[in-house]
Amino acid sequence: MTITVLDSYPAMRAILRAPRADRAAMLRAMVEPAAGMYRYFPGEVDLVAMHAMSSGFPLDRDEERCLEALEALHEADAWNRIQRALDDAVATQLAATPGLTVPDITVLTVLGDPGDEHFLGPNLGMTANGSVSGYILLNFWPYPENLARLEATAVHELNHNLRYSPGGVIWDPATVTVGEQIVSEGLADAFARQLYGDELGYARIGVPHLHDDAVFAKVVSGLEITGMRNFTAWVHGDETATRYGATPVGLPTGAGYAVGNRLVDAYLAATGRTAAEALLADRRDVIDTALA
């Protein structure tokens, strides 16, 4: 098992300084080592287009602003901190679940897009994806709050990666339930909180709604909805659903994260397990225990 945090800093710096006509090819070369994260997409994936869709830094504007932000990530020692955090988190996880098989994992850290109002606004300058076994994508704008949470964000995504790796929980896009993703977000936050405490461990987008009973009731009403194409509003909220052409359901940004934390906390309290011990807990068991 090897965790490889790609040193994307020099590549991004070179891209942002290069002639604009050369940048797409340079970006494609930077992303290629992590292209396996798109292996379940139909057909050939345009890595440059996916970068843009994921709120990655732009190739045709804001060069100086991006270079300054990139230096802020570098000065924060982001890449080394992420490497240490993931190595430590794997050790903690294996101590709790010694039979777990940890895959080789490639981690790509990219700078976000300062011109993307949704990314800087509702998403608070951070998006990430650790759902595909063997790959983690971390996308930051260096707000101080995000720099403080580099480690917690990385181990949140690691938790997803290990939950859905071979031998773990099976994610079938056609039949998976909203409840599975809600539980997985709660487990990932709980793991980050186990390692870094509540101040840093909660995903920031869910914090405003942690104690909102109306949001809780609404999300719980949708836990059995199937098909991940229907998930965006239930997990991320209406603004994100609207951005990506999905149907709003009347929920604020981060609603699913808030509810996932409440469900998982109730489950952990009832069972006496740690978040690490509950990595592969069945979502039905978590939900039934929490709502009992």
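About 60 Å³ of space lies in the largest cavity. This is a predicted model. The count comes to 1 cavity of 30 Å³ or more.

**The cavity lining**

Which residues line the largest cavity? They are Val31, Tyr38, Leu47, Met50, His51, Ser54, Gly56, Leu108, Val110 and Leu137. By class, the lining has 7 nonpolar residues, 3 polar ones and no charged ones. Helix 3 (47-53) and strand 2 (105-111) each supply at least two of the lining residues. Helix 3 gives the most, with 3 residues.

**Two helix pairs**

Two packed helices are described by the angle between their axes and the distance between the axes. The table gives both values for two pairs.

| Helix pair | Angle between axes | Distance between axes |
|---|---|---|
| Helix 1 and helix 2 (residues 20-31) | about 170 degrees | 9 Å |
| Helix 13 (residues 255-271) and helix 14 (residues 283-291) | about 80 degrees | 8 Å |

Start with helix 1 and helix 2. Their axes make an angle of about 170 degrees. Angles over 145 degrees count as roughly antiparallel, so helix 1 and helix 2 are roughly antiparallel to each other. Helix 1 brings Ala11, Met12, Ala14, Ile15 and Leu16 to the contact. Helix 2 meets them with Arg23, Met26, Leu27 and Met30. By class, this contact has 8 nonpolar residues, no polar ones and 1 charged one.

Now take helix 13 and helix 14. Their angle is about 80 degrees. Angles from 65 to 115 degrees count as roughly perpendicular, so helix 13 and helix 14 are roughly perpendicular to each other. On the helix 13 side, the contact is made by Leu263, Val264, Ala266, Tyr267 and Ala270. On the helix 14 side, Asp285, Val286, Ile287, Thr289, Ala290 and Leu291 take part. This contact has 9 nonpolar residues, 1 polar and 1 charged.

**Aromatic pairs**

How many aromatic pairs does a search of the whole structure find? The search finds 4. One of them joins Tyr9 and Trp79. The ring centres of Tyr9 and Trp79 are 5.9 Å apart. Their planes stand at 55 degrees, so the pair is tilted. Where do the two residues sit? Tyr9 is in helix 1 (residues 9-17), and Trp79 is in helix 5 (residues 78-96). The two residues are 70 residues apart, and the pair links distant parts of the chain.

Terms used: Residues are numbered from 1 along each chain as its sequence is written. This is a predicted model: local features need pLDDT of at least 70, side-chain atom pairs count only at pLDDT 80 or more; totals for chains, interfaces and linings use all residues. Side-chain values use heavy atoms; hydrogens and water are left out. Axes are lines fitted to C-alpha atoms, for helices over the stretch in contact, and angles run from 0 to 180 degrees between N-to-C directions. Helices (H or I, at least four residues) and strands (E, at least two) are DSSP runs, numbered from the N terminus. Angles under 35 degrees count as roughly parallel, over 145 as roughly antiparallel, 65 to 115 as roughly perpendicular and the rest as oblique. Contact means heavy atoms within 4.5 Å. Ala, Val, Leu, Ile, Met, Phe, Trp, Tyr, Cys and Pro count as nonpolar, Asp, Glu, Lys and Arg as charged, and the others, Gly among them, as polar. On a 1 Å grid over the protein atoms alone, a cavity is a set of points where a 1.4 Å probe fits but cannot get out, and a pocket is an open set with protein on both sides within 12 Å along at least five of seven lines; lining residues have an atom within 4 Å of a point. Grid points are joined across faces, edges and corners, and a volume is the space filled by probe spheres set on the points. Rings of Phe, Tyr and Trp (its six-membered ring) pair if their centres lie within 6.5 Å; planes under 30 degrees apart count as stacked, over 60 as edge-to-face and the rest as tilted.
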